[in-house]
Amino acid sequence: MKILVVGTGYVGLVTGVCLSDIGHEVTCFDISSEKIDLLKSGRSPIYEPGLEQLMEKNVKANKLFFTSNVQEAYQSVDCIFIAVGTPETRDGSADLTYVEEVALTIAESIKQDTIVVIKSTVPVGTNDYIERLINERTGEGIKVHLVSNPEFLREGSAIKDTFEGSRIVIGSNSQEAGDFIEEIYSPLSIPIVRTDIRSAEMIKYASNAFLATKISFINEVANLCEKTGANVEEVAVGMGFDKRIGNQFLKAGIGFGGSCFPKDTKALISLANEYDSSSYILDAVLKVNDIQKKRLVEKVKDYFIDIQGKKAAILGLAFKPNTNDIREAPSLELIDELLSLGTEVHVYDPIALENVKEIYGDRVYFHHSIDEAIENADMALLVTEWREVKGFPLKKYKELMKRPVVFDGRNVLSPFDAKKEEITYFSIGR
Ligand SMILES: NC(=O)c1ccc[n+]([C@@H]2O[C@H](COP(=O)([O-])OP(=O)(O)OC[C@H]3O[C@@H](n4cnc5c(N)ncnc54)[C@H](O)[C@@H]3O)[C@@H](O)[C@H]2O)c1
């Protein structure tokens, strides 16, 4: 099938590349001509393992194209996937400006009936609204049918998630339009969940909010473990054996970040407010997360009487491993907090340094290795569980730092091993 994907960010680009790989002819369109130029040169604007290789394969096979030209993009396609951003507005609701802009372009451009799929995460009722918006503006006799197909991929494993996802949700009010999208995905053996449009939109928000809830829950338990002498990791293992609870997403740490959990939880709260419905649990999830993001600095302040002028090395900046995404990353709050306390901040990340440089410029020292970052440091703060952060030899903290004081925000080291190496070690809930 001939597919247009609008937006070449984490979701749009991965979707476009994967759909071309399963046999469709895909054009990826973005308003950023810089991104399109980069893509045309064979490079990806985002870091995602395996993505550039898969791009190259499908470009060579003449199944994958990139353009920033509206005329070229929007004409004679069987369906259009919208994968533009829906960031949060000041009041926490989802900003639909980009989706609306795409809708208006579709209305002006299409010359035949077209199926429009919203992959972006949008509040309940958005697909109906966008369908009306377009159909009121299309040419004589031309109509679109909207299909909600929310995305569940995770940055860092996005390709694997697209090919081997847990489910594909297809929400449509038109049986035919839904069947059409089901057909597109038929080469993948992933369970398909067919629903009405509004339930599909809600599935996405409820799923993300539930995962965020699990994280805040275990973090709150972790804080209580610290005070009572229990070990949150052992508690999580013991809980996870119960299939009703499950053993995933019970890892205590310094809170969730990223482009989805915080914004989607806020958007769901905003939706609840709009409908005069309660959001007690969701409010608490965010509150716990805000507190948790400060846990490491609190521990630093408790340990050092005065941290003015002390050298802190932050290991890991991305909001999670295998991505260069720093949106709402706990590392940023940590940097802000340490700077405000007069600490000299040194940072290391294998791929997210450039993104952080854009925010902090020369207020922070950037390093290309862990060794370099921790050299002569007073403290090391482990913030993203990159493999190299997890596997960094403990003895090196002792060799390279002024004094080996490690604050582990992701519980990646063993307290037992740290003690053996005479490292002063703090972690979360243990
Ligand atoms: N990132 C994730 O892990 C993830 C996972 C699931 C769902 N989502 C959802 O998917 C959506 C996209 O997220 P993302 O992280 O890929 O966003 P992103 O910010 O990485 O990418 C959005 C892209 O859309 C482009 N764009 C904006 N307006 C445009 C227009 N009018 N025409 C063409 N292109 C336009 C931007 O230039 C950008 O390249 C969001 O709603 C997000 O909540 C994201």
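Author: Helices here are DSSP runs of H or I with at least four residues, and strands are E runs of at least two, both numbered from the N terminus. This is a predicted model: local features need pLDDT of at least 70, side-chain atom pairs count only at pLDDT 80 or more, and totals for chains, interfaces and linings use all residues. Residues are numbered from 1 along each chain as its sequence is written, and side-chain values use heavy atoms, with hydrogens and water left out.

Reader: Which helix gives the largest share of the shell around the ligand?

Author: The ligand is surrounded by 27 residues, each with a heavy atom within 4 Å of it. Helix 1 (10-21) and helix 5 (97-109) each supply at least two residues. The largest share, three residues, comes from helix 5.

Reader: Which side chain has an N or O atom 2.8 Å from a nitrogen atom of the ligand?

Author: A polar contact is a pair of N or O atoms within 3.5 Å. A polar side-chain atom of Arg327 lies 3.0 Å from an oxygen atom of the ligand. The 2.8 Å pair, with a nitrogen atom of the ligand, belongs to Glu155.

Reader: Between which domains does the ligand lie?

Author: An automatic or database assignment divides the protein into domain 1 (2-195), domain 2 (204-292) and domain 3 (294-426). Two of these give residues to the shell, so the ligand lies between domain 1 and domain 2.

Reader: Which three residues supply 40% of the area that domain 1 buries against domain 2?

Author: Buried area is the accessible area (1.4 Å probe) that two parts lose on being put together, summed over both. Between domain 1 and domain 2 it is about 1000 Å². More of domain 1's share than any other three residues give comes from Glu88, Thr121 and Val124.

How values were computed. A polar contact is a pair of N or O atoms within 3.5 Å; within protein, one must be able to donate a hydrogen and the other to accept it, and residues adjacent in sequence count only if both atoms are side-chain atoms.
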